Amino acid sequence: MAQVLYLRLGDGMQSSIFDDLYQSLCTEIDEKYSTTQATSAADVNPLLPSPSLKAILVVDGGLSTGKHHIKLQKELSAYAKAGGTIIFCCLFSGFVRPPDLDRLFRSFGLSWEFGEYHRTTFYLSQTIKSVLGHQRAIELEREYSMKALHLKNTSVDSRVYVPLEQSRTQSMVFPPSPVDQEETPAVFSKHGSGWIGYIGDVNNEQGSRALVMALLGKPSDLSADNLLETFLRAQSFITILLD
């Protein structure tokens, strides 16, 4: 069975919130994949070359802090370039500071930067449908309201959900105002031979849970050919680290 790794490097408060808020998501993932958790860089390193490792979910802000995580950031980037999938989701967007987020994505060779933080209604991008494929795309909500930390400097074809011209900020305190249509709350981008995703939702909306599952794909996607490809990816990953 394909394996999904929860990367949990955050403090005790983040760990407690994750357990409380994302139990239903974890249950859904656990039903379809073999899952394991890593709470330190030492836990991660032995797993990265594993042929069965389908994806890594960075579920809190821990990876973005501490000099001791710089090496791990580069190793994770190499893992994705060799064919793996990494998704920054759940508590990540709520527990990352602007300079730390920008620095982290730079270590992955990405231009993504900290954007605005607000709620509005977002719409499924037309371009992402060809990336995800028809089967996964139809499982996603066409539109939904989400309070999220946005990213700027993302490519148009990597944006999963986008605001439209009619989108306005939604707040119980402030009046509605236009939103920046060049920013996005959700990204799925090619990274070498693999993928890097980001979901900035801070409230665990149903649409975001569906998006996590869609980005992970389905176990039925793992044919014998897929498993062989994953094994070759593992070998490629080791080569990249040694170069």
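Mentor: Met13, Ile17 and Leu21 make it, and it covers about 240 Å². Keep in mind that the model is predicted. Take Ile17 from that patch. Helix α1, residues 12–21, holds Ile17. The relative accessibility of Ile17 is 30%. Buried would need a value under 20%, and exposed a value over 50%. Ile17 therefore counts as partly exposed.

Now the whole surface. The protein exposes about 11,100 Å². Of that area, 53% comes from carbon and sulfur atoms.

Next, the burial and the fold. The protein has 243 residues, and 50% of them count as buried. Its secondary structure comes to 9 helices and 9 strands. Helix α1, with Ile17 in it, spans residues 12–21. Look at the contacts between residues at least 6 apart in sequence: 79% of them join residues at least 24 apart.

For contrast, turn to the aromatic rings. The count comes to 11 aromatic pairs. One of them joins Phe88 and Phe92. Their ring centres lie 4.9 Å from each other, with 55° between the planes. That pair is tilted.

Notes. Residues are numbered from 1 along each chain as its sequence is written. This is a predicted model: local features need pLDDT of at least 70, side-chain atom pairs count only at pLDDT 80 or more; totals for chains, interfaces and linings use all residues. Side-chain values use heavy atoms; hydrogens and water are left out. Rings of Phe, Tyr and Trp (its six-membered ring) pair if their centres lie within 6.5 Å; planes under 30 degrees apart count as stacked, over 60 as edge-to-face and the rest as tilted. Helices (H or I, at least four residues) and strands (E, at least two) are DSSP runs, numbered from the N terminus. Buried means under 20% relative accessible area, exposed over 50%, partly exposed in between (1.4 Å probe, protein chains only). Contact means heavy atoms within 4.5 Å. Accessible areas come from the Shrake-Rupley method with a 1.4 Å probe; for residues, only the protein chains shown count as cover. Patches are made of residues with over 30% relative accessible area and no salt bridge: like charges are joined within 9 Å, nonpolar side chains (Val, Leu, Ile, Met, Phe, Trp, Tyr) within 5 Å. A salt bridge is a side-chain nitrogen of Lys or Arg within 4 Å of a carboxyl oxygen of Asp or Glu.
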